[in-house]
Amino acid sequence: MAILTKEEAQAILKKALSYSKAEECEVSLQGNEGGNIRYARNAVSTAGDISTMSLGISSTFAKKTGTATINEFDDASLEKVVRRSEELAQLAPANPEYVSLEGPKTFKDSKTYNATTAAVNPDIRAEAVLKSLNVAKEAKLEAAGFLENTNSFRAIMNSKGLFAYNKDTDVSFSVTTRNQAGTGSGYAEQSYNDVSKLDTLLLTKIAAGKANGSAGARAIEPGKYTVILEPLAVSGMLSYMFNGFDARSAEEGRNFMSKKGGGTRLNEQLFGENINIYSDPFHPDLPGNTWNGDGLPQERTQWVEKGMVKKLAYSRYWAQQKNVQPQPSARSMILEGGNSSLEDLIKSTEKGILVTRLWYIRMVDPQTVLLTGLTRDGTFYIENGKIAFPVKNFRFNESPIIMLNNVEAMGKPQRSENMMVPPMKIRDFTFSSLSDAV
Amino acid sequence: MKRSDFLYLSGMSAGALMLPNLDAFARHIDPIEALDGMDVKLKKALADVALNTARSKGASYADIRIGRYLNQFVATRENRVQGVANTESFGVGIRVIADGCWGFASSNLVTKEDIARTAERAVAVAKANSKIQGSPVQLAPQKGLGEVSWKSPIERNAFEVPVKEKVELLLQTNGIAMAGGASFINSAIFAVNEQKYFASTDGSYIDQDVHRIYPQFNITKIDRASGKFDTIKSSSTPMGMSYDYLEPRAESKVNGIVTRYKDHYDILADVKEVTAKVDEKMKAKSVEPGKYDVVLDPSHLWLTIHESVGHPTELDRVLGYEANYAGTSFLSVDRLNSKKFNFGNKNVNIVADKLQKNSLGAVGYDDEGVPCKKWDLIKEGILVNFQATRDQAHMIGLDESQGCSYAQSWADVQFQRMPNVSLQPGKDKMSVDDMIKNVEKGIYIIGDGSFSIDQQRYNFQFGGQMFYEIKDGKIAGMLRDVAYQSNTQEFWNACGGVCDESDYRLGGAFNDGKGQPSQSNAVSHGSSTARFNGVNVINTARKI
């Protein structure tokens with residue numbers, strides 16, 4: 001059994017620590033059970049089932065740290081792995097950036113575990129996929145998709161008395177439907193920690209609607225357009241920006257948050273005043289762990305307020321150097337939106353382009369976070385508040401920093417990948433060329 | 001869900017300690033322990049348990065991979081070591097066909113009893129899925145090979161080289177960069193050893209020992225006054241070699257405006273040269289957008305080959321198996337069967353090759369027990385073949401697999417992955433200087449940079465590391481903010497020539513991503529410097 005209870009995990013970690021002779025020692029234990037099913041051409045292609053558990057231990061003497069891990073848990077194995085980490089520590093060079101471990105803390109309980117999701121088995125997965133396949137067959141489309149569920153736990157303990165434990169479940173589903181002629185393609189995806197929210201039938205219908213609607217796309221000239229980005233397109237653009245919310249690289253002068261002449265652009269009006277971004281492990285639709293691997297609590301954190309970056313992440317080492325409190329790095333970001341629906345955003349648009357998702361996004365210039373990538377699986381021209389016709393896919397060259405200065409309206413945030421983001425209406429989004437891809 | 005199509009090891013400043021491509025459950029070990037392989041007799045006995053159990057539970061075919069995957073990652077920045085990690089991942093993956101459907105299960109528990117249980121799980125997965133299966137899986141025949149083995153032909157095993165030696169080399173590298181005026185440098189050596197044992201109900205028992213290495217650095221220069229920064233990375237590339245790649249040899253150096261390397265890399269000479277280039281790059285003229293003839297060095301062209309030729313000729317993409325993730329292909333079985341699909345012009349000859357020495361894709365047998373081979377993909381511009389596995393071969397009328405099956409570890413199911421795909425050198429004698437002297441308005445691009453291509457592999461955009469303006473046949477200094485955009489078929493039809501084999505080199509990557517759950521594949525792409533006429537170049541500078 002790869003999923004241990006809090007008490008079972010605690011007992012193994014205590015036993016491992018009892019063998020330690022190091023100045024400082026930390027132990028982590030993690031287990032994972034899960035499965036997946038993949039289908040294409042309206043039939044299952046591959047499927048798998050995985051079960052594994054592992055313990056890692058770091059021992060430190062005079063800033064020299066050695067790490068070893070093991071996947072056997074009898075007393076002799078636990079003692080062996082402790083000794084091995086201590087031997088490696090003696091061989092390692094001293095790390096001037098080593099910071100003494102965190103002491104004991106009380107962490108709030110997380111909302112990441114769901115018993116129904118933990119009980120998903122191959123038959124349940126197959127049944128969920130069957131629903132999706134039936135929608136595709138009825139719509140005379142070819143479906144390809146993927147369903148994966150995970151049930152995992154993680155616990156940490158150290159020689160200063162810190163202990164933390166968390167259980168997590170997740171299920172993710174994605175589906176692409178294409179017409180027989182290869183002229184239309186649609187996509188939908190969702191992830192939840194509660195499998196009962198997953199509706200593979202509805203998601204496949206959304207994908208099927210986009211596949212049929214995108215057939216026969218017309219070519220229009222690339223250039224600057226008002227766009228409505230659906231949440232998947234928004235999360236794709238933003239994910240590259242958050243790496244810059246790191247104090248060390250900003251202060252070292254090597255990311256977009258670095259200021260001319262030195263220092264950072266904290267509290268500058270970097271984005272439009274309508275942009276507010278926070279992270280919150282207690283958000284019901286995007287629950288996260290309440291502690292990180294360093295043993296620091298994860299709390300609700302306001303990263304951007306009225307378009308100004310208010311917070312940068314500080315590693316424990318960099319915080320010590322700068323004499324500030326450590327700030328765990330940004331994760332599971334939530335961009336506050338408005339109350340409009342996607343349909344409202346379309347209605348309010350005289351001329352524009354609706355983008356379902358963006359694909360193969362890559363950083364072109366880290367100085368400006370200029371990204372390139374392409375639209376995919378449903379791109380539509382909007383005229384007088386209505387979808388007028390499908391258009392061929394575009395390549396874009398755009399920076400999320402510029403984009404967040406051009407936001408005209410936002411809908412309700414929803415989970416998209418590992419974020420909560422709204423659909424957004426953005427002016428002057430730069431498309432640089434056309435693609436023949438469907 | 002991650003959507004990274006190409007899981008590339010770059011931007012080391014943003015967390016050099018993250019161990020890319022390592023199993024999260026990998027076991028950290030002492031390097032010495034890593035050298036003890038598991039006895040082949042024991043592996044065979046364990047394998048037979050899996051095969052017999054699977055058969056007794058109703059499987060018509062079964063294979064097992066007993067894998068031991070070793071990684072070592074030594075990472076430094078400036079004058080300090082950021083981390084030394086040794087990991088081992090050991091376990092079994094069992095794949096079966098039952099009721100005409102694939103099933104797979106894996107476990108880190110490797111006793112006979114546990115292997116039997118994992119085999120049962122694999123059969124249960126196959127049977128659950130057979131309810132929604134289309135047509136039954138059809139395998140191309142592969143005769144049993146008996147007990148055979150293969151090893152990477154390495155000269156010096158990186159796992160036997162003391163950590164101290166690696167740390168000293170990297171810190172010396174960093175010292176040269178800092179003395180040369182770099183603001184920051186990250187450097188690392190990443191070594192991989194896959195010890196994998198494959199057995200199947202066809203009667204093959206295959207023991208393989210595969211090595212790879214990637215030494216690298218990334219230099220950053222900051223201009224505080226202007227707030228600008230820029231980077232250049234090392235001229236090294238991941239290779240299917242071991243520590244011998246880090247032993248410089250004069251005959252491996254390719255001289256030119258920047259020294260580049262073949263099978264032996266000189267990290268100390270490279271860092272000195274590249275550090276000086278960062279200053280030049282920062283001060284370079286911003287490019288005027290427009291049409292240029294681009295001259296692409298192999299250190300750059302490998303990635304364009306990978307994205308625009310390697311991926312669209314993958315048969316699983318052509319058939320639609322990757323439609324939900326990496327995408328499909330502009331190529332089709334009809335285009336192949338027409339025998340006249342004009343992929344490129346007559347200069348374009350591209351081969352798939354799983355045998356090429358020192359390449360990342362070279363092994364003796366693929367992960368479903370098929371002996372490796374070499375075949376043409378594009379011949380004088382015409383599409384002539386794809387890349388297939390056993391269950392796909394019949395779909396393009398082949399009576400045997402091309403040996404393209406690979407799994408990134410024991411824990412993952414094997415599927416169709418790209419072999420080395422390489423552009424053949426020009427037959428006529430031509431040096432890089434000969435090529436450049438005939439270019440009126442061009443850009444010479446060295447090193448790979450930003451890359452993006454659509455899901456059917458038509459429209460792409462590539463950056464680079466260093467860009468030199470060519471004016472009237474002469475190099476006229478460095479440019480910056482350069483990226484080119486093109487369409488695959490137009491680009492390869494605009495090939496204005498390929499230098500001869502004296503310039504031929506490999507480039508590659510450890511982390512080509514495909515599949516769900518996503519898996520990494522290591523692959524090399526060879527070429528000589530090549531010219532492409534009238535390519536659209538854009539300027540990537542922005543103000544924020």
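Tutor: We begin with a term: two residues are in contact if their C-beta atoms, placed from the backbone, lie within 7 Å. Helices (H or I, at least four residues) and strands (E, at least two) are DSSP runs, numbered from the N terminus. Axes are lines fitted to C-alpha atoms, for helices over the stretch in contact, and angles run from 0 to 180 degrees between N-to-C directions. In this structure, helix 5 (residues 298-310) of chain B lies across strand 13, strand 14 and strand 18 of chain B, and runs at about 110° to strand 18 of chain B.

Student: What should I know about the model and its labels?

Tutor: The model is predicted: local features need pLDDT of at least 70, side-chain atom pairs count only at pLDDT 80 or more, and totals for chains, interfaces and linings use all residues. Residues are numbered from 1 along each chain as its sequence is written, while chains are lettered from A and ligands numbered from 1 in the order in which they are written.

Student: In which order do the four strands of the open sheet in chain B lie?

Tutor: Two strands pair if DSSP finds at least two bridges between them. Here the order is 15-14-13-18, with antiparallel pairing. Strand 15 (382-383) and strand 18 (420-423) of chain B are the edge strands, each pairing on one side only. Inside chain B, four bridges link strand 13 (residues 350-353) to strand 14 (residues 374-379) in the antiparallel sense. Val351(B) has Asp376(B) in strand 14 of chain B as its bridge partner.

Student: How many residues does each chain give to the contact between chain A and chain B?

Tutor: Chain B gives 69 residues and chain A gives 84 residues. On the side of chain B that touches chain A, strand 4 (residues 101-107) of chain B supplies the largest share, seven residues. For residue classes, Ala, Val, Leu, Ile, Met, Phe, Trp, Tyr, Cys and Pro count as nonpolar, Asp, Glu, Lys and Arg as charged, and the others, Gly among them, as polar. That side of chain B divides into 35 nonpolar, 24 polar and ten charged residues. Strand 4 of chain B also runs parallel to strand 2 (residues 43-61) of chain A, joined to it by three bridges. Ser51(A) stands opposite Ser107(B).

Student: At what angle do helix 4 and helix 5 of chain A pack?

Tutor: Angles under 35 degrees count as roughly parallel, over 145 as roughly antiparallel, 65 to 115 as roughly perpendicular and the rest as oblique. Helix 4 (residues 122-138) and helix 5 (residues 200-214) of chain A pack at about 30°, with their axes 8 Å apart. Helix 4 of chain A and helix 5 of chain A are therefore roughly parallel to each other. The residues of their contact comprise six nonpolar, three polar and two charged.

Student: Which domains does the assignment give for chain B?

Tutor: Domain bounds come from an automatic or database domain assignment. For chain B it gives domain 1 (27-283) and domain 2 (286-539). Their centres, taken over C-alpha atoms, are 22 Å apart. In domain 1 of chain B, 48 residues are in contact with 47 residues of domain 2 of chain B.

Student: Which residues does the cis peptide bond join?

Tutor: The cis bond joins Gln516(B) and Pro517(B), with omega about -5°. Pro517(B) is in the loop between strand 26 (505-514) and strand 27 (519-527) of chain B.
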